[in-house]
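Please look through the model shown below before reading on. The paragraphs that follow go from the overall fold to one helix packing and then to individual residues.

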Amino acid sequence: GVDQRASMDEEEEEPVDIGDPVEYGQGIVESSCITCHANDLGGTASAPAINNLEGQLSHDEIVDIVTNGQGNMPAFGGQLQPEEIDAVAEYLLSMSE
């Protein structure tokens, strides 16, 4: 009923002010992604290298994989705001340049 709708509104998060997307994305990558992809993002037995994605994956493809998961990788769409996932993609693509 009405109560449910009210509580849903409270949970709706404000857009995140990410400033420089590459720097913001780096913070997320260093706290979340290195667990499986290794400190240098060069990959492990359970996760591929993600330190050279330029030319392999587009920005939108990275966003899709981070949001929805793929293979062993869980979906992060529930944990990260869309603009945060955009920042992750920007950072990962900037590493390859």
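How many helices and how many strands are there in the protein? There are four helices and zero strands, where helices (H or I, at least four residues) and strands (E, at least two) are DSSP runs numbered from the N terminus. Read along the sequence, the pattern is accordingly α-α-α-α. This is a predicted model, in which local features need pLDDT of at least 70 and side-chain atom pairs count only at pLDDT 80 or more, while totals for chains, interfaces and linings use all residues. Residues are numbered from 1 along each chain as its sequence is written, and side-chain values use heavy atoms, with hydrogens and water left out.

Of the 97 residues in the protein, 29% are buried, a term that stands for under 20% relative accessible area, with exposed meaning over 50% and partly exposed in between (1.4 Å probe, protein chains only). Among contacts (heavy atoms within 4.5 Å) between residues at least 6 apart in sequence, 54% join residues at least 24 apart.

Helix 4 covers residues 82–95, and its 14 residues reach 20 Å from the first C-alpha to the last, close to the 20 Å expected at 1.5 Å a residue; the expected span is 1.5 Å times one less than the number of residues. Which residues of helix 4 are buried? They are Glu84, Ile85, Ala87, Val88, Ala89, Tyr91, Leu92 and Leu93, and what covers these buried residues includes helix 2 (21–37) and helix 3 (59–68).

The packing of helix 2 against helix 4 can be described through their axes, which come within 7 Å and cross at roughly 95 degrees; such axes are lines fitted to C-alpha atoms, for helices over the stretch in contact, and the angles run from 0 to 180 degrees between N-to-C directions. Helix 2 is therefore roughly perpendicular to helix 4, given that angles under 35 degrees count as roughly parallel, over 145 as roughly antiparallel, 65 to 115 as roughly perpendicular and the rest as oblique. On the side of helix 2, the contact is made by Pro21, Val22, Tyr24, Gly25, Gln26, Ile28, Val29 and Glu30, and on the side of helix 4 by Glu84, Ala87, Val88, Glu90, Tyr91, Leu92 and Ser94. These residues divide into nine nonpolar, three polar and three charged, where Ala, Val, Leu, Ile, Met, Phe, Trp, Tyr, Cys and Pro count as nonpolar, Asp, Glu, Lys and Arg as charged, and the others, Gly among them, as polar.

Leaving aside its neighbours within four places in sequence, Glu90 is in contact with Pro21, Val22 and His59. The C-alpha atoms of Glu90 and Ile62, which are 28 residues apart along the chain, are separated by 9.2 Å.

Helix 2 also contains Thr35 and His37. Is each of these buried or exposed? Thr35 counts as exposed at 65% relative accessibility, whereas His37 counts as buried at 8%. Thr35 and Ala47 are twelve residues apart in sequence and 9.6 Å apart in space, C-alpha to C-alpha. His37, leaving aside its neighbours within four places in sequence, is in contact with Gly42, Gly43, Thr44, Ala47, Pro48, Ile50 and Met73.

The loop between helix 2 and helix 3 holds Ala38 and Leu41. Most residues other than glycine have a negative phi. Ala38, however, has a positive phi near 80 degrees, and Leu41 has a positive phi of about 65 degrees although it is not a glycine. Ala38 counts as buried at 18% relative accessibility, and Leu41 is buried with a relative accessible area of 2%.

Finally, the cysteines can be considered. The structure holds zero disulfides, a disulfide being a pair of cysteine sulfur atoms within 2.5 Å. Cys33 is in no disulfide, and the nearest cysteine sulfur, that of Cys36, is 8.9 Å away. Cys33 counts as buried at 17% relative accessibility, while Cys36 is partly exposed, with a relative accessible area of 41%.
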